[in-house]
Amino acid sequence: MDHNKIIELTNVSRTYSMGKFGVAALRSVSLTVAPGEFTAIMGPSGSGKSTLLHLLGFLDRPDSGRYALNGKDTTTLDEGRLASLRNNMIGFVFQQFHLLPRISALENTELPLVYAGKRHLKEKAAQRLKEVGLADRMTHRSNELSGGEQQRVAIARALINDPPIILADEPTGNLDSKSQNEIMDILVALNRRGKTIIMVTHEEEVAEYARRVIRMRDGKIISDEVKTPGNKGEKLPAVLRQEDAPLTEYTGRGRADLGDHFRQAFWSIFSHKMRSALSMLGILIGVAAVIAMLALGEGAKESISQTLASLGSNLLTLRPGSQKLHGVAMDSGSVTRITLGDVDAVAKLDNVKRVSPSVQGRAQAVYLNRNWSTQVQGAGVNYAEMRASVPTVGRFFTEDEIRSRQRVALIGTTVARELFGDNDPLEAMIKMNRINFKVIGVLPSKGANMWRDQDDVVIIPVSTAMYRMLGKQYVDSVDIEVSGPSFMDGTEKAIRDLIKKRHRLTKENDDSFEVRNMADIQASLAKTTETMTWLLGSIAGISLLVGGIGIMNIMLVSVTERTREIGLRKAIGARGSDIMTQFLIESVVMTFTGGAIGVMFGAGIAAAMSAAAGWAVRVSMASVLLATLFSIAVGMIFGLWPARQAARLDPITALRYE
Ligand code: ADP
């Protein structure tokens, strides 16, 4: 290694393509820089000064020629190696300072440590800030600092990894003359301590501080002079003079770790609170909808299966005609009506344990000055046992009462509450459709199912209902309990044959009644609720998708908005993969947080639905897990593209982005 050449450029060219034309920014430039030099690059605007500086700082690559750093060729290195050279070997100082807003001077100074994978040594950053005279400004945010102070923070940041080379692009271009002198004094002092400094400037006054001046024109070096008296600034800043502390090297893993990425992502989320909150909202609504909808579906499924279980499993139901064929009502001639005679005949069949005919209607029930519209159901004496409706208070009606069409009634708890309030309903007389009934019992509470309040019912003897109240000659349905599960099929066939025989049915109209097995009904209901759950779930899923697209949108906007920030991060040593990881983490953190809040909201909505509408809901662990995983996935998938866009940005174009 040649110790007299830290930088060696040989015939380096760089041409920018502008449409059809190429703009030759550098034409076969050769240059060597020895360690410890302080060089100013001067020349008219457009002469290639910045291009040269960017090539030296690995922010850009030459089209041809060789660039050796410390004697090693760098033109073949990959993007990751270049990033780490930018991180370790070079400290950049820009005309626009490029500090990150909303964080302190200290945190800005530390930033290159993140990409070096070094421990966050606040003392190191503090020491650097002291060296540039900002001991009392460490916790100030960049918008609370003057231009000169901001540039000093930028210099402290450039020094944090103790690079041998400092590259400064018009470092005083945005500063007043007092600040200009301060900054130049600092650069001179650094040079005295061994730093190699290369600085682009167009002001002779600034160039005075350098010991070597290179002048460029049209992409070529036209003069290169070394000034014998040396630096202009002889007075060192007091702080630097006293504390000539060695800028010691300390080792790092050379890679940012996940914790750092999380910290950067959180910084970005918190420093754009409104934007982050809005993008989380999309996911939040989506997840809340998924949770609530699935809870509703699950709840419905559960309540249906509970209801069905309470009906008993050995039940068959006989009904007149499947009156609808594909939803179209058939003419009444093809319906077989079922009489009480049929019911008695069915009851006498083998293996039939008990039967209960039923008719339904509605009535206005009146007690004193209160009235309540309710469902009236005529039932057989076995109803209480078969439908788990043995009264909690009072008694059920008897065979005799059915035979003699007695006006006795059992009321559901809802009816009891509406008509009697706190009074005792037993033995009270109520009127239904102007007929007096004596209340003989209160039915056990069954709660609400999907369709209706099961306690809003009055049960009276089937005969009374048919002949005295509703004026019906036929029953609406017959519940039949079979002695055991093994007799179900045989009994079902026996019932069919019996009805066919009694009604003299022929082959053509033997579907004018139906016998249904509870298990069938159960299965078809389960299928329906499952379909419904899926339907609700997928509607909610779509809103989650929309939320994801919202996140992607916001992330893409933020890539554009933060182009310069990304450029800066790259300039101080971030790899493409670092930027990508940071953006991905950002989007996943947002979707995950939105998802977690959404789960709570969804559960809340479910609870509210159950409280307000009395619907059965159940928030299942699986749905919570599903929604959470889904929201993380949404963050990954929709964050990926913006993250890639960000990672691909070319550092120098990004830095120059307006
Ligand atoms: P200086 O810093 O001396 O003002 P630059 O190095 O910025 O000059 O530019 C040298 C030449 O290259 C100029 O003609 C400029 O227009 C051109 N140039 C610089 N960057 C780009 C770019 N990204 N695309 C196209 N042309 C560029």
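**Notebook: strand pairings and helix packing**

I looked up leucine 315 and found that its bridge partner in S21 is glutamate 481. The model is a predicted one, and I read the entries below with that in mind.

**Strand S11.** I traced the pairing of S11 with strand S21 (residues 477-482): the two run antiparallel and are joined by 4 bridges. I then checked strand S22 (residues 513-517), which pairs with S11 over 5 bridges, also in the antiparallel sense. On the S22 side, I noted phenylalanine 513 as the bridge partner of proline 320. Is S11 mostly covered or mostly uncovered? I found 5 of the 6 residues of S11 (residues 315-320) buried, which puts the strand down as mostly covered.

**Sheet S2-S1-S4-S5.** I followed the strand order of an open sheet of 4 strands and wrote it as S2-S1-S4-S5, with antiparallel pairing. Which strands stand at the edges? They are strand S2 (21-33) and strand S5 (72-73); each has a single partner strand, so one side of each is left without a neighbour in the sheet. For S5 I looked up the link to strand S4 (residues 64-69) and found 2 bridges, with the strands antiparallel. Leucine 69 has lysine 72 of S5 as its bridge partner. I also placed helix H1 (residues 49-56), which lies across strand S1 (7-18), S2 and S4. H1 runs at about 120° to S1.

**Helix H2.** I listed the buried residues of helix H2 (residues 79-88): Gly80, Leu82, Ala83, Leu85, Arg86 and Asn87. What do these residues pack against? I found S4, strand S6 (90-93), helix H3 (105-116) and helix H18 (563-571).

**Helices H9 and H19.** I took the axes of helix H9 (residues 258-270) and helix H19 (residues 576-613), which come within 8 Å and cross at roughly 60°. That angle makes H9 oblique to H19. I recorded the crossing of the two as right-handed. From H9, I listed Leu258, His261, Phe262, Gln264, Ala265, Phe266, Ser268 and Ile269 in the contact. From H19, I listed Asp578, Thr581, Gln582, Ile585, Glu586, Val589 and Met590. How do the residues of this contact divide by type? I counted 8 nonpolar, 5 polar and 2 charged.

How values were computed: Residues numbered from 1 in each chain as written. Predicted model: local features only at pLDDT ≥ 70, side-chain atom pairs only at ≥ 80, totals over all residues. Heavy atoms only, no water. Axes fitted to C-alpha atoms, helices over the stretch in contact; angles between N-to-C directions. Parallel < 35°, antiparallel > 145°, perpendicular 65-115°, else oblique. Left-handed = near helix turned anticlockwise from the far one by under 90°. Contact = heavy atoms within 4.5 Å. Nonpolar A, V, L, I, M, F, W, Y, C, P; charged D, E, K, R; others polar. Buried < 20%, exposed > 50% of the residue type's maximum accessible area, 1.4 Å probe, protein only. Pairing = 2+ DSSP bridges.
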